[in-house]
Amino acid sequence: CIQIMKFSIATVLLLTLSTASAFSPIGSIGAPVRTPTTLNDNMNPFGTKSMEYTGGTDPNNANNKKGNLDSRLAAADTERRKAQEAAEQRERAAEIKREELLAKIKFMEDMPEDKAAGSVDEFMFKEGVNDQLTKLDHDLVGLVPVKKRVKEIAALLVLDKMRRKLGFETGVPSLHMSFTGAPGTGKTTVAVRMGQILAKMGYARSGHVVIATRDDLVGQYVGHTAPKTKEMIKKAFGGVLLVDEAYYLYNAANDRDYGQESIEILLNVMENNKDDLVVAVAGYKDRMEKFFSYIPGMSSRIGNHIDFPNYSSNELVGIAEVMARDLEYEINEEAYGVFQQYIDERMKLPYFSNARTVRNAMDRARMNSAIRTFDRFAMQGENGGCCTVDDLKRIGPEDFQVLLDDITAADAGQKIFS
């Protein structure tokens with residue numbers, strides 16, 4: 001047994017030595033040789049160099065290139081130079097402003113106390129303001145409080161220009177306006193006259209009037225309102241933007257209504273562009289007051305609130321006389337008497353619109369006169385079919401009587417009159 005055990009141990013040792021020699025390098029004398037390891041020849045069991053750099057797609061590699069670094073440095077230098085130039089321009093502008101202020105102070109100190117600034121009448125006629133006020137009196141019957149307010153604004157502009165001529169400090173007054181009143185009370189006419197006065201005095205480039213409603217300012221979907229509002233403002237620059245029935249811009253029942261965006265744009269323009277645009281809002285007085293309660297920023301930016309009262313029946317007859325004069329018609333006293341009766345009755349009915357109702361009545365009276373004249377001379381052959389100039393210019397009581405009969409008929413309550 002001892003001999004068998006010794007034999008087994010010897011066999012195991014022999015096998016172990018044989019396996020080790022099979023995986024070892026062979027030296028010159030047949031003995032295993034240990035090969036030194038180097039960094040450049042680091043072989044792993046899988047046959048590759050595990051530490052060898054094979055490249056890659058690191059996004060930061062581009063930042064390490066010399067060309068990219070140079071371009072970034074050049075861009076930074078450009079930005080620094082622009083900032084320096086902007087600072088120098090601001091400093092120069094401030095210096096010019098100081099020089100102008102010093103020159104102005106010296107001019108005011110050297111000015112004689114009795115220096116003539118010119119008469120108010122001279123400025124009124126020279127600038128054409130007086131002509132516009134005369135046209136306002138000529139075109140509008142009544143409305144004494146409105147005309148008074150317009151003349152007060154004109155007086156401010158004239159005196160401000162006289163002060164500017166002498167070198168006094170001046171500032172653009174708040175010229176935004178609110179016109180409240182029923183339809184047909186002359187709001188648009190006053191807006192046109194104010195635009196022309198502002199242009200004459202140099203407070204507006206052209207003085208034209210652009211009339212806008214909610215449909216012109218508010219879009220139908222997201223992103224549509226701002227372009228529409230800005231387009232109308234762009235058209236009105238240099239003149240007056242009259243927003244008729246402005247309270248329809250705001251819908252208190254819907255906080256997602258697009259009209260709010262239009263209002264915000266208008267408020268911004270009224271504050272930042274008041275030297276190149278006058279905004280006038282118009283509508284019924286009670287609704288405008290409610291609108292201002294919802295949008296206090298609008299009311300605070302408006303310096304001129306003008307209320308347009310309803311016309312009396314006598315004033316409406318006077319408006320008819322102005323229309324007849326402008327259209328070169330002749331209306332006798334008897335005809336005006338019938339028209340007065342028509343106006344008194346029409347004012348009791350719904351949808352009365354002051355001067356607009358008078359204009360519609362005059363149009364119908366002209367049509368009645370034309371039908372009557374055509375029937376006499378064309379259909380009946382009166383006077384051989386030849387009419388006179390007086391026949392073409394005349395509007396008689398019978399032409400207004402047709403209107404009066406319509407609104408006093410038994411079924412008048414079931415009709416709608418213009």
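This is a predicted model: local features need pLDDT of at least 70, side-chain atom pairs count only at pLDDT 80 or more; totals for chains, interfaces and linings use all residues.

Reader: What makes up the secondary structure of the chain?

Author: The chain comes to 16 helices and seven strands. Of its 418 residues, 33% are buried. The accessible surface is about 26400 Å², and 55% of that belongs to carbon and sulfur atoms.

Reader: What share of the contacts in the chain comes from residues 24 or more positions apart?

Author: Such residues account for 74%, counting contacts with a separation of 6 or more.

Reader: On to charges. How many salt bridges does a search of the whole structure find?

Author: The search finds 21 salt bridges. Let's take a few by name.

Reader: Why is the R81 and D77 pair called a salt bridge?

Author: The cut-off is a Lys or Arg side-chain nitrogen within 4 Å of a carboxyl oxygen of Asp or Glu. For R81 and D77 the N to O distance is 3.3 Å, so the pair meets the cut-off. R81 and D77 are four residues apart in helix α2 (residues 66-110), which means that about one helical turn separates them.

Reader: What about K147 and D137? What makes that pair a salt bridge?

Author: Their side chains meet at 3.6 Å, N to O, and the limit is 4 Å, so the pair qualifies. K147 has a relative accessible area of 11%, under the 20% cut-off, so K147 is buried. D137, at 37%, counts as partly exposed.

Reader: Which parts of the chain does the R205 and D276 pair link?

Author: First the distance: the closest N and O atoms of R205 and D276 are 2.9 Å apart, within the 4 Å limit, so this is a salt bridge. The pair links distant parts of the chain, 71 residues apart. R205 is in the loop between α6 and β2 (209-212), while D276 is in the loop between α9 (259-272) and β4. R205 has a relative accessible area of 60%, over the 50% cut-off, so R205 is exposed.

Reader: What makes R372, R394, E398 and D399 one network?

Author: Salt bridges that share partners join these residues.

Reader: Now the pockets. How do you know where there is empty space?

Author: Rolling a probe the size of a water molecule over the atoms shows where empty space is left. The largest pocket has a volume of about 640 Å³. Its lining has 28 residues, and the closest to the centre are G184, G186, T189, A355 and R356. Elements giving two or more residues to that lining include α6 (187-200), β3 (240-244) and α14 (355-379). The largest share, four residues, comes from α12.

Reader: How do the residues of that lining divide by type?

Author: They divide into 14 nonpolar, seven polar and seven charged.

Reader: What lines the second largest pocket?

Author: That pocket holds about 170 Å³ of space. Among its lining residues are Y247, Y248, R287, K290 and F291. The lining divides into six nonpolar, no polar and two charged residues.

Reader: Back to T189. Why is T189 called partly exposed?

Author: T189 has 31% relative accessibility, between the 20% and 50% cut-offs, so T189 counts as partly exposed. T189 sits in helix α6. Its C-alpha atom is 8.3 Å from that of L136, 53 residues apart along the chain.

Reader: Last one: what is the phi of E245, and of N354?

Author: E245 has a positive phi of about 50 degrees although it is not a glycine. E245 is found in the loop between β3 and α9, and at 31% relative accessible area E245 is partly exposed. N354, not a glycine either, has a positive phi of about 55 degrees. N354 lies in the loop between α13 (333-346) and α14. With a relative accessible area of 2%, under the 20% cut-off, N354 is therefore buried.

Key. Residues are numbered from 1 along each chain as its sequence is written. Side-chain values use heavy atoms; hydrogens and water are left out. On a 1 Å grid over the protein atoms alone, a cavity is a set of points where a 1.4 Å probe fits but cannot get out, and a pocket is an open set with protein on both sides within 12 Å along at least five of seven lines; lining residues have an atom within 4 Å of a point. Grid points are joined across faces, edges and corners, and a volume is the space filled by probe spheres set on the points. Ala, Val, Leu, Ile, Met, Phe, Trp, Tyr, Cys and Pro count as nonpolar, Asp, Glu, Lys and Arg as charged, and the others, Gly among them, as polar. Buried means under 20% relative accessible area, exposed over 50%, partly exposed in between (1.4 Å probe, protein chains only). Contact means heavy atoms within 4.5 Å. Accessible areas come from the Shrake-Rupley method with a 1.4 Å probe; for residues, only the protein chains shown count as cover.
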